[in-house]
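Thanks for asking me to look through this one with you. Here are my notes, as a few numbered points to read beside the model.

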Amino acid sequence: MTNPIRRKLIEVALPLDAINRESARENYIYRGNPSSIHKWWAQRPLAAARAVLFAQMVDDPSARTAEFPTPELQDAERKRLFALIERLVVWENIGDEKLLQEAHAEILKSTNGNPPPVSDPFAGGGSIPLEAQRLGLEAHASDLNPVAVLINKALIEIPPKFADHQPVHPSVDRTVKHWPRATGLAEDVRRYGTWMREEAASRIGHLYPKVVLPDGGQADAIAWIWARTVTCPNPACRSEVPLVSTWWLSKKKNRSTWIKPVVHGKQIEFEIKTDKSGPSDPPKKGRGAKFSCLICNDTTSDSYVKEEAVAGNMGARLLAVVAEVDRRRVYLPAATAQIAAADVERPTDVSDALMPINPRWFSPPAFGLTKFTDLFTNRQLVALTTFSDLVGETHERVVADALIAGLDRSRAQSYASAIALYLSFVLSKAADYNCSGAVWYAKEDRPKNLFARHAIPMVWDFPEVNPLGTMGGTWEGSIEVVTRAMDGLVTWGGKGVVSQGNAADVRVPHGSVVSTDPPYYDNIGYADLSDFFYLWLRRSLGSIFADVTGTMLTPKAEELVATPYRFGGSKKRAEEHFERGFVRTFTRIREQHSPDIPITVFYAFKQAESDDSGTASTGWETMLNGLMEAGLMVTATWPMRTERTGRSIGIGTNSLASSIVLACRPRPESADATTRRGLITTLKAELPIALRHLQQGSVAPVDLAQAAIGPGMAVFTRYSRVVEADGSDMNIRTALNLINQVLDETLSEQEGDFDSDTRFCVRWFTQFGWNREFSGTADTLSRATNTSTDGLQRGGVFRTVAGEAWLIAPEDLPADWNPLTDDRICVWEAAMHISRVLTEHGLDAAATLMARAAQRVDLDVVKELAYRLYTICDRKGWTQTAILFNALGTSWGELESAGRSVVASAPVQGAFTFDANN
C-alpha cells in the first residue's frame with residue numbers, strides 16, 4: 001500500500017494579495033536588486049519565486065491531521081504560515097537571515113529534515129535558483145543559452161565560493177578583516193573597474209573633448225544627441241532630412257529646453273532654446289519611417305527611407321551636446337570640434353555577426369543595419385572594444401594580486417575569473433546604453449537603454465553617452481549598478497550548481513524538486529536578443545569561460561521557442577518543435593522528480609486567437625498538451641501579478657499582467673476516464689467556486705479568462721481521457737473552449753447578485769454601449785428588468801430626452817456625487833463613479849469614495865460588475881472602456897487597503913430601496 005500524497009500549501013491556499021503586491025513593487029526597485037546584475041527578459045520577481053518555492057515545499061496543515069485534527073486548527077496554522085510568507089516576500093527582508101532560517105526550519109519540518117535540491121532547467125535570469133538558495137536549499141540551474149548560464153554562475157555559483165572573502169586589490173585597507181557575504185567580491189569589482197576606467201581614459205580620453213560654454217569656460221560633455229539623416233526625395237530639393245522624432249531635450253520643471261531648427265536656404269542649423277513655449281512638431285509623422293523635409297515640407301515614405309538606408313545613404317547629424325555644470329545639465333549647439341571628435345575609424349576586431357531577419361523583434365535590418373555592430377557608432381565601438389580588452393588585462397592583474405594576498409594558484413585563477421565575469425557584466429550594462437538604440441529621456445534629462453522592451457527597435461535620434469562620464473549608462477554608473485546588485489547575492493544558503501544544456505536533455509538530480517519558468521511559446525526571442533550581449537561577453541571572456549562561450553552565437557536550433565522564421569515561415573513546424581521539446585522535457589522531469597512534492601511552472605500567455613471553435617491560444621494549448629502528454633496533471637493554479645504596472649488608468653492597459661503558476665503532479669495510472677457530459681458537469685460544479693477565489697485574489701479582469709484556464713484544466717487533466725460522442729478523445733482546444741463557455745455562463749449568472757437598476761444598465765450596455773437609442777427600447781427593457789426609466793433617471797445613471805435614451809458615461813457623471821446622501825443608489829452607479837474618480841484623481845481619492853459607498857452597496861458585487869463589464873468590452877472590442885474597468889478590477893486590492901485608513905462620514909440613517917416605483 002502506497003503512502004497517501006501529502007498536499008502542499010501551494011495546492012490549497014496562498015496569501016496572493018501580499019505576494020502580488022510585493023512582486024509588483026519589486027519591479028520598481030532597481031538599486032541593489034540582484035536581477036539588475038545583467039539584462040534578462042521576462043524575469044520573475046524574486047518575491048514570487050521565493051513564495052512559490054516555500055509553498056511548494058511546506059505541507060498544508062490539512063495534510064498533517066495528527067497535529068491539526070480539526071478544520072479550525074488547520075485554519076489557524078495556515079494563517080501562521082501565511083504570516084510568515086507575508087514577511088518573507090517583503091523586499092526589505094531579503095537579507096534577514098533570522099527570517100530565512102525560520103522559513104528553512106518550516107521546510108525541514110515538511111521534508112523530514114532532508115529537503116531535496118531544487119532544479120530549474122530553464123534558469124534564464126536565475127530568479128528561481130537564487131531564491132531556492134536564499135531559502136537554504138541546494139540549487140541547480142541549467143540553460144541552453146550561454147548568457148543565461150553566465151548570469152546564473154554570477155548569481156548562485158560564485159558567491160558561496162567566495163563568501164566573506166577579503167578583497168585582493170592592493171589599495172584595500174588590510175586592517176579591515178570583516179567583509180560579509182559578497183561585499184569583498186563587490187569591492188574588488190569596484191576597484192578594478194575604476195582602474196579600467198582610468199586606463200581607458202588614458203587610451204581614448206582624447207575622443208571625448210570638453211565643450212566650450214557660453215561664458216568661455218569649459219565643461220565635460222556627458223552626451224551627444226544625434227539624428228539619422230536621408231536626402232529629401234523631392235528632386236527639386238534634395239536637401240538633408242534629419243529623421244527627428246522629438247525636439248525636446250529637457251522637460252524638467254523650470255528648465256524646459258528644446259531644439260529649434262533654423263533654415264538658411266537649403267542648410268539647417270540647430271539652436272538651443274530654454275523657455276516654456278516648447279518646440280514645433282518634429283519631422284516624424286505617424287507610424288513608420290515618414291518624415292517631413294524642413295526645407296520643402298515634402299514627406300518621405302517608409303519604403304523610400306528603407307531604400308536609402310539599405311543603399312548606404314543614411315547618415316547622422318549632431319543636433320546638440322549635453323554637458324554638466326554644477327550638477328546640472330547644460331545643452332549646447334553642435335560645434336565643429338565635437339563633430340570631428342566623433343569621426344573615428346571603425347575597429348577591425350569586432351564581430352560581423354548578422355541580426356536575424358525577423359521584424360517582430362528586430363526592426364534595424366529593414367533599414368540597412370544588418371549587423372549587431374551596426375547598432376553602435378564607430379566611437380562607441382572603439383570605447384567598448386577598449387573596455388573589453390581591459391577585462392582580459394584585469395584578469396591577469398587580479399591573478400597576480402591574489403597570489404600576493406596569499407591565495408594559491410588555483411584559487412587565484414578562480415577568483416580572477418569571477419572578477420572578470422562581473423566586469424564583463426559592467427560592459428554589458430554599458431553597451432545597453434552606449435548604442436544607437438538608446439534614447440534621450442527628456443522628462444528626466446538622462447539616457448534610456450536599448451532594451452526597454454523585448455525587441456530591438458529602429459531608433460531615429462539617439463544619445464551617444466560619454467562612457468568616461470559619471471551618470472547612468474557610463475562605465476562608472478554601470479559599475480555602481482552591478483556592485484550594488486552583488487550586495488543582494490546569497491552566500492549563506494545551499495550550494496549552487498550551474499550547467500549548460502538543452503532542457504529536454506539535461507538530467508536534473510534524481511529526487512529533486514523542479515520549479516521553472518519555461519519560454520512562452522513565441523513571445524520572446526531569448527537567443528536572438530541575447531546575441532547583442534553575447535558578442536561582447538564572448539569577446540571579453542572567450543579564454544576565461546571557454547566551455548560556456550565556445551559557439552560564435554548563442555545556440556538557436558534547440559531553443560524551445562516556436563519561431564516560424566527558423567522553420568521557413570512554417571507555424572506548424574515551429575509549433576511541433578515547441579510541443580515535442582516540451583513533452584520531452586517534462587517527461588524527463590516527471591521521471592526524475594521527487595514524488596512527494598509538486599512541480600511548479602510559471603506561465604503567461606493571453607488567449608488571443610479565434611477560429612470557428614472560439615477563442616484560444618496556441619501557446620497555452622501547446623504547453624498544456626505537453627504537460628498532459630508528459631503524464632502530469634494540474635493540481636492547483638495561482639494568478640500572480642508579477643509585471644510592472646502604473647497608477648490610475650495606466651494600471652488597466654489591456655496587456656497580460658499575470659503569471660499563472662501551475663502546480664502539477666504525475667497523473668495516477670489508475671485515473672478514470674469521463675465523457676464530454678461528465679466534464680461539463682464537473683466544470684459547472686467547480687469552476688464557479690474557483691472563479692470567486694480568483695476574483696477575491698484580485699486577479700485583473702484582463703487576466704481572468706486566462707487564470708480560469710487553471711481550475712478548468714485541473715478538472716480536465718485529472719482524467720485519463722475525456723471521450724467525445726463519436727468515441728474520439730477530446731483535444732485541448734475543445735477543452736479550453738468548454739472552460740471559456742462555463743466561465744461566460746458563470747459570469748452571466750453573477751448578474752443575479754445585481755439590483756434591478758444595475759441589471760438594466762448591464763443589458764443596455766451590452767447592446768448599445770454609450771450610444772443613444774430609441775427611448776421606447778428603454779421602456780421595454782426596463783419593464784423586463786423590473787425597473788423604470790423614470791427611476792433610472794432619478795438614480796442618475798440614465799437619460800431619456802426627446803425620444804432618445806442613453807447611459808451616462810463615467811466622464812459625464814457629476815463630480816460632487818456623495819453615496820451617503822444619494823436617495824437611489826445602485827451598484828452600477830457606484831462602479832461608474834469609483835472608476836471615474838480612479839481615472840481622474842487617482843487611488844487615494846477613489847479609495848475614499850469607495851469607503852463611503854461601502855455603507856450603501858455591497859462592494860463585492862461592485863467588483864463582480866467590474867469583471868462582467870470588462871468581459872463584455874473585451875468581446876465587443878471596446879478597448880478604451882475595457883481599460884477603464886480593468887483598471888478598477890486590477891486596483892481593487894490597493895483600493896481596499898487604502899480605504900481602511902479612510903475615516904468615512906457617519907452612516908446615513910434610514911433605508912433606501914431599489915424598488916422601481918420609488
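1. Phenylalanine 54 touches Leu81, Leu84, Ile85, Leu88, Ala103, Glu106, Ile107 and Leu135, leaving out residues up to four places away in sequence; contact here means heavy atoms within 4.5 Å. Please keep in mind that this is a predicted model, where local features need pLDDT of at least 70, side-chain atom pairs count only at pLDDT 80 or more, and totals for chains, interfaces and linings use all residues. Residues are numbered from 1 along each chain as its sequence is written, and side-chain values use heavy atoms, with hydrogens and water left out.

2. The largest nonpolar core has 147 residues, and Ile37, Phe54, Leu185 and Phe532 touch the most other members. Such a core is a set of buried Ala, Val, Leu, Ile, Met, Phe, Trp, Tyr and Cys residues joined through side-chain atoms within 4.5 Å, buried being under 20% relative accessible area (1.4 Å probe, protein chains only). Helix 11 (residues 409-433) gives the most to this core, 14 residues; helices are DSSP runs (H or I, at least four residues) and strands likewise (E, at least two), numbered from the N terminus.

3. A second, separate core of 52 residues includes Phe122, Phe567, Ile660 and Tyr867.

4. Have a look at proline 279, in the loop between strand 9 (267-274) and helix 8 (302-310). Beyond its neighbours within four places in sequence, proline 279 contacts Trp247, Trp248, Trp258 and Ile259.

5. Finally, in helix 22, Ala831, Met832, Ile834, Ser835, Leu838 and Thr839 meet Leu884, Phe885, Ala887 and Leu888 of helix 25.

Technical notes:
Buried < 20%, exposed > 50% of the residue type's maximum accessible area, 1.4 Å probe, protein only.
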